[in-house]
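Hi,

Here is the structure I promised to pass on. Have a look at it first, and then read my notes below.

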Amino acid sequence: MTLPLINIFLILLLVITPLNLSTTKACFLTRRFEVHVINNLPSNSSQLKIHCASGDDDLGDHYLTVNQEFKWSFCQALAWTTLFFCHFWWDSKSKVFNVFDDPVHCVEDGLLPKITTQCAWVVKSDGFYLGTYVGPGKVTDLYRYSKW
């Protein structure tokens with residue numbers, strides 16, 4: 001007696017899916033995104049403290065020295081509802097905003113000229129710059145998104 005084709009498919013799906021999700025970085029039905037936060041404050045600056053989170057993931061506190069980077073990756077939710085925000089502290093300054101809430105331009109009000117899956121936030125003394133991450137130390141389409 002043979003199992004109907006649908007039962008074979010379901011059994012294979014149940015066996016393969018947990019293995020696939022735990023051993024690869026592939027996203028199922030959605031794209032993978034990366035967010036990079038780069039400390040580009042003046043060389044004599046104190047550390048930049050950041051705390052980033054989403055509704056599902058708390059990435060914890062991170063202390064970045066000048067030119068140091070913190071990055072993470074994730075799969076976009078099926079309904080395009082993924083949202084990550086970060087709280088930034090530098091000396092007496094503090095700022096909180098969404099760093100990812102749009103699968104086209106990183107943030108809904110972002111002005112990036114083309115679609116990207118590599119969001120780069122460069123923190124400078126005069127504010128926060130958004131661009132497309134293309135490699136270590138290399139960000140294109142950079143513009144000031146917000147002041148401190």
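Is Cys75 buried or exposed, or partly exposed? At 32% relative accessibility, Cys75 counts as partly exposed; buried means under 20% relative accessible area, exposed over 50%, and partly exposed lies in between (1.4 Å probe, protein chains only).

Before you go further, some ground rules. This is a predicted model, where local features need pLDDT of at least 70 and side-chain atom pairs count only at pLDDT 80 or more, while totals for chains, interfaces and linings use all residues. Residues are numbered from 1 along each chain as its sequence is written, and side-chain values use heavy atoms, with hydrogens and water left out.

Now the disulfides. A disulfide is a covalent bond between the sulfur atoms of two cysteines; here a pair counts if the cysteine sulfur atoms are within 2.5 Å. By this rule there are three disulfides.

Cys75 is bonded to Cys27, with 2.2 Å from S to S. The torsion about their S-S bond is -85°, a left-handed link. Cys27 sits in the loop between helix H1 (5-23) and E1, and Cys75 sits in strand E4, so the pair ties together parts that are 48 residues apart in sequence.

Next come Cys52 and Cys86, whose sulfur atoms are 2.0 Å apart. This link is right-handed, with 105° about the S-S bond. Cys52 belongs to strand E2 and Cys86 to strand E5, so parts that are 34 residues apart in sequence are tied together. Cys52 and Cys86 are both buried.

The remaining disulfide joins Cys106 to Cys119, S to S 2.1 Å. Its torsion is about -100°, so the disulfide is left-handed. Cys106 is in the loop between E6 and E7 and Cys119 is in strand E7, so this pair ties together parts that are 13 residues apart in sequence. Cys106 is buried at 1% relative accessible area, and Cys119 is buried too, at 0%. If you number the bonded cysteines in sequence order, the pairing reads 1-3, 2-4, 5-6.

What about the nonpolar residues? In soluble globular proteins, nonpolar side chains tend to be buried together. A nonpolar core here is a set of buried Ala, Val, Leu, Ile, Met, Phe, Trp, Tyr and Cys residues joined through side-chain atoms within 4.5 Å. The largest one has 28 residues, and those with the most contacts inside it are Leu48, Trp72, Phe88, Val99 and Trp121. Several strands each supply at least two residues of this core, among them E1, strand E6 (93-100) and strand E8 (127-135). The largest share, four residues, comes from E5. A second, separate core has five residues, including Ile38, Ala120, Val122 and Tyr129.

Leaving aside residues up to four places away in sequence, Phe88 touches Val37, Leu48, Val99 and Trp148, among others; contact means heavy atoms within 4.5 Å.

Asn39 lies in strand E1 (residues 32-39) and is buried, with a relative accessible area of 0%. A polar atom of the Asn39 side chain lies 3.2 Å from the backbone oxygen of Thr65. Among the residues touching Asn39, not counting those up to four places away in sequence, are Leu48, Leu64, Thr65 and Val123.

Last topic: charges. Side chains of opposite charge can pair when their charged atoms come close. A salt bridge is counted when a side-chain nitrogen of Lys or Arg is within 4 Å of a carboxyl oxygen of Asp or Glu, and the whole structure has three of them.

- Asp61 pairs with Lys49, the closest N and O atoms being 4.0 Å apart. Asp61 is in strand E3 (residues 58-64) and Lys49 in strand E2, twelve residues apart.
- Asp141 meets Lys114 at 3.3 Å, N to O. Asp141 lies in strand E9 (residues 138-146) and Lys114 in the loop between E6 and E7, so the pair ties together parts that are 27 residues apart in sequence.
- Asp126 meets Arg144 at 3.4 Å, N to O. Asp126 is partly exposed at 34% relative accessible area, and Arg144 is partly exposed at 37%.

How values were computed: A polar contact is a pair of N or O atoms within 3.5 Å; within protein, one must be able to donate a hydrogen and the other to accept it, and residues adjacent in sequence count only if both atoms are side-chain atoms.
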